[in-house]
Amino acid sequence: MNSGVIFSDESGQDNDNRYGAICTLSGYRKNLIELHHNLEAIMIRYSKNEIKFKDVKGGLKLKIAKKFIAEGLNQIYSKKIKVHVLVWDKKDNRHNIQNRCDVENLKRMYYKVLKEVKKDWNYVNDWSFYPDELTSIDWYNDIVKYIENTKILNHSELFNSVSSFKFPNYQRAVEKDSELMYNIQLTDLFAGIVRNSRQNSKEYISFTEANKNQIALQLFDVNSVSISSNLKPKLELMNYFKEESAKRKLGISFNTNKYFETFNKKNSIFIWHYQPKSEYDKAPIKTKKM
C-alpha cells in the first residue's frame with residue numbers, strides 16, 4: 001500500500017501582514033521523493049541550499065524560484081501531487097477581535113486545510129506529516145492530536161464539518177528544517193505567491209499592466225501605485241506562476257476577485273480564501289494563566 005506524505009509551510013504569520021496563508025503539498029511517498037530529487041538537482045545546478053519567497057529579490061534567486069514553480073506545476077499537471085492553499089484576512093469579522101490568539105487560530109486553520117487534504121486523498125490512511133519548523137507550535141501535540149481528537153459533527157458551524165468523516169492516524173509528525181527539505185521550500189513559494197496576490201493586489205495589477213504595454217515600470221502610473229524594488233521580483237514570480245498555470249490549464253483565476261483562487265479541485269490545486277461562516281465564527285482568544 002502506498003503511504004501518503006504531507007509537507008507544509010505558512011506565510012504572513014507575523015503582525016506586519018494583514019493576510020495569513022498555509023500551503024500543503026501532498027502525495028504518495030514515491031512521488032514526493034521524486035519531486036525532492038528534482039528540486040535538489042536545481043539547487044545543485046546553481047550551488048544554493050534554500051529558496052524562500054521573502055528572499056526573492058531578482059537575479060539568481062528569481063531564476064531558481066521560477067524553476068521550482070515550473071517543476072511544482074508540472075507535478076500538479078501530471079496528477080502526481082496535490083497542492084492546497086488557504087488564505088485568511090486578519091481584519092475580517094472572524095479575526096478582528098481583541099486578544100486574538102494566533103497560535104490557537106493557526107491550529108484551526110491547519111484543521112481546515114488538512115480536512116480538505118484528507119477528503120481529496122480519501123483512499124489513503126497512512127500519513128506522515130512534515131511541516132516547516134515553527135517554534136511556537138508543538139506539532140504533534142498542538143496540531144496532530146488536535147486533529148485526531150476533534151469530533152466531527154454535522155451541526156458544527158465552527159469547522160464546517162461533513163458527516164461520516166474521519167481523520168487518519170498520522171504515523172509521523174515531525175517538523176523539518178526547510179533548508180534540507182526542498183518540498184517545504186516549494187510550499188513556501190506557493191504560500192507566498194498566493195498570499196501576496198491578496199495583500200499586494202493593486203501592485204500586481206499595476207505591474208502586469210506595465211508589462212502588457214511594454215513601458216518601463218517607473219514611467220507607468222496606474223492609480224498612483226508605487227512598487228518598491230524589493231517587491232518587483234516577487235511580482236514577476238507571481239506573474240510567472242499565473243502564466244505557467246494558464247499554459248497547463250490549471251484553472252487558477254485572478255480576474256474574478258483580483259487575487260489568485262480556484263473554483264474546483266479537478267486540477268489538483270485548490271486555492272481558497274476563508275470567509276467567516278456566521279457571527280459566531282470567531283478566532284480564539286488568549287486565556288489568562290491562573
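Me: Happy to start with the largest pocket: which residues lie nearest its centre?

Reply: This is a predicted model, and in it 23 residues line the largest pocket. Ser 11, Gly 12, Asp 14, Lys 54 and Arg 195 are the ones that lie nearest the centre. The space inside comes to about 550 Å³.

Me: Which elements give two or more residues to that lining?

Reply: Those elements are strand E1 (4-11) and H5. H5 gives the most, with five residues.

Me: How does the lining of the largest pocket divide into nonpolar, polar and charged residues?

Reply: There are 10 polar and 10 charged residues in the lining, along with three nonpolar.

Me: Thanks! Now to the helices: why is H1 called roughly perpendicular to H5?

Reply: The axes of helix H1 (residues 29-46) and helix H5 (residues 182-199) cross at roughly 80° and come within 8 Å. Angles of 65 to 115 degrees count as roughly perpendicular, so H1 is roughly perpendicular to H5. On the H1 side, the contact is made by Leu 32, Leu 35, His 36, Leu 39, Glu 40 and Met 43. H5 brings Tyr 182, Asn 183, Gln 185 and Leu 186 to the contact. By class, the contact of H1 with H5 has six nonpolar, three polar and one charged residues.

Me: What makes H6 and H7 roughly perpendicular to each other?

Reply: It is the angle again: helix H6 (residues 201-212) and helix H7 (residues 232-247) pack at about 75°, and their axes are 10 Å apart. With 65 to 115 degrees as the range for roughly perpendicular, H6 and H7 therefore get that label. From H6, the residues that meet H7 are Glu 203, Tyr 204, Phe 207, Thr 208 and Asn 211. Their partners in H7 are Lys 232, Leu 235, Glu 236, Met 238, Asn 239 and Lys 242. This contact of H6 with H7 divides into four nonpolar, three polar and four charged residues.

Me: Leaving aside neighbours within four places in sequence, what is Asp 92 in contact with?

Reply: Asp 92 is in contact with Tyr 274 and Pro 276. Asp 92 and Tyr 274 are 182 residues apart in sequence, yet 9.5 Å apart in space, C-alpha to C-alpha.

Terms used
Residues numbered from 1 in each chain as written. Predicted model: local features only at pLDDT ≥ 70, side-chain atom pairs only at ≥ 80, totals over all residues. Heavy atoms only, no water. Axes fitted to C-alpha atoms, helices over the stretch in contact; angles between N-to-C directions. Helix = DSSP H or I, 4+ residues; strand = E, 2+ residues; numbered from the N terminus. Parallel < 35°, antiparallel > 145°, perpendicular 65-115°, else oblique. Contact = heavy atoms within 4.5 Å. Nonpolar A, V, L, I, M, F, W, Y, C, P; charged D, E, K, R; others polar. 1 Å grid on protein atoms, 1.4 Å probe; cavity = no way out; pocket = protein on both sides within 12 Å on 5 of 7 lines; lining within 4 Å. Points joined across faces, edges and corners; volume = space filled by probe spheres on them.
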